[in-house]
Amino acid sequence: MAPAPLKNDSKHVNVVLTGFEPFGSHKTNPSWLSIASLDNTILDLPEFKNDNNENNKEPQYAYITAHELPVEYHKVPTLISALHSQQKAATACAEVGECEAKNVKTYYIHVGVGRASSFTVETLAHRTGYGAPDNASYQPPSKEVPPVEGYEFDPELLETTVDTLELAEYLKQEKGWLCEQSKNAGLYLCEYTFYLSMVERHRRIAAAPNAGTSDRVCLFVHVPTVGNPYSLEEIQQFVRDVIGRVVTMY
């Protein structure tokens, strides 16, 4: 029997955003610049009402935290694990006066810089296949094994629970963004971070199969560099549109 979906007893959801530090030719990184101002903020959700939400109480707002990640294979696993382990519910409840809530759903939305000209919504991530050096000049020794130890027995491929085709079409048709679904996240720190986040969710389900599978959702989106063709303010709005759609639909 499949685990029952988590019932959200709260009027809010938690959204954990991550972006990256500069790397390579990127002297600044729009993935971090686009989310930094959202740290410790509350996003109202009335315009994203979902009439088909039957399992969960309709969230009224999202409590957002934002975190800048290093572009380093050995540091990211610990940081992603910590983000999944830390429960932001207490902080969020204190902010909005909702401390009686028992279950608060958490969304992990990871942002990276991708190709110029469009946004992409990533669908899946791999355990192996990484070979490019990181900011610490560390290069995975083989594409046949995970970049760091500790993931030898996890699934080779993990896929988000978000319908990325639907999300990309919504962002393109309803919001007017140049956006498409992707099944190739690049096999660098972006894809690795996405994989690590989904591994944390996967391990949580394996450890407590009767606790429900919908208490957390993982997603990765790539944004273009600033000016190609969007301004930083427009990229920031895109991220807000992603949050609004994902937390009310998934």
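How many aromatic pairs does the structure hold? The structure holds 12 aromatic pairs. Rings of Phe, Tyr and Trp (its six-membered ring) pair if their centres lie within 6.5 Å; planes under 30 degrees apart count as stacked, over 60 as edge-to-face and the rest as tilted.

This is a predicted model, in which local features need pLDDT of at least 70, side-chain atom pairs count only at pLDDT 80 or more, and totals for chains, interfaces and linings use all residues. Residues are numbered from 1 along each chain as its sequence is written, and side-chain values use heavy atoms, with hydrogens and water left out.

| Pair | Centre to centre | Angle between planes | Type |
|---|---|---|---|
| Tyr-73 and Tyr-138 | 6.0 Å | 75 degrees | edge-to-face |
| Trp-177 and Phe-238 | 5.9 Å | 90 degrees | edge-to-face |

Take the tyrosine pair. Tyr-73 lies in the loop between strand E3 (61–69) and helix H2 (76–85), and Tyr-138 lies in the loop between strand E6 (124–126) and strand E7 (157–159), so the pair ties together parts that are 65 residues apart in sequence. Helices (H or I, at least four residues) and strands (E, at least two) are DSSP runs, numbered from the N terminus. Tyr-73 is buried, at a relative accessible area of 0%. Tyr-138 counts as partly exposed, at 22%. Buried means under 20% relative accessible area, exposed over 50%, and partly exposed in between (1.4 Å probe, protein chains only).

The Trp-177 and Phe-238 pair also links distant parts of the chain. Trp-177 sits in the loop between H4 and E8, Phe-238 in helix H6, 61 residues apart. Trp-177 is buried at 10% relative accessible area. Phe-238 is buried at 0%.

Tyr-73 and Tyr-138 also belong to one aromatic cluster with Phe-23, Tyr-130, Tyr-188 and Tyr-192.

**Overall picture**

The protein has 6 helices and 9 strands. Of its 250 residues, 52% count as buried. It exposes about 11500 Å², and carbon and sulfur atoms supply 49% of that area. Accessible areas come from the Shrake-Rupley method with a 1.4 Å probe; for residues, only the protein chains shown count as cover. Among contacts (heavy atoms within 4.5 Å) between residues at least 6 apart in sequence, 81% join residues at least 24 apart.

**Strand E4**

What is the burial state of strand E4? Strand E4 (residues 106–113) is mostly covered, with 8 of its 8 residues buried. In a regular strand the side chains alternate between the two faces of the sheet. In E4, both faces are covered. Thr-106, Tyr-108, His-110 and Gly-112 are buried on one side. Tyr-107, Ile-109, Val-111 and Val-113 are buried on the other.

E4 has parallel partners. It pairs with strand E1 (residues 12–20) over 5 bridges, and with E9 over 8 bridges. Strands pair if DSSP finds at least two bridges between them. Val-16 stands opposite Tyr-108 in E4. Thr-106 stands opposite Arg-216 in E9.

**Helix H4**

Which residues of helix H4 are buried? In H4 (residues 164–173) they are Thr-164, Leu-167, Ala-168, Tyr-170 and Leu-171. These residues lie on the same side of H4, because they cover an arc of only 160 degrees around the axis. The arc is that of the directions from the helix axis to the C-beta atoms.

The buried residues of H4 pack against strands E5 (119–122), E8 (179–182) and E9 (216–223), and against helix H6 (232–249). At the start of H4, a side-chain oxygen of Asp-163 reaches to within 3.3 Å of the backbone nitrogen of Leu-165.

Methods. Polar contact = N/O pair within 3.5 Å; in protein donor to acceptor, adjacent residues only side chain to side chain.
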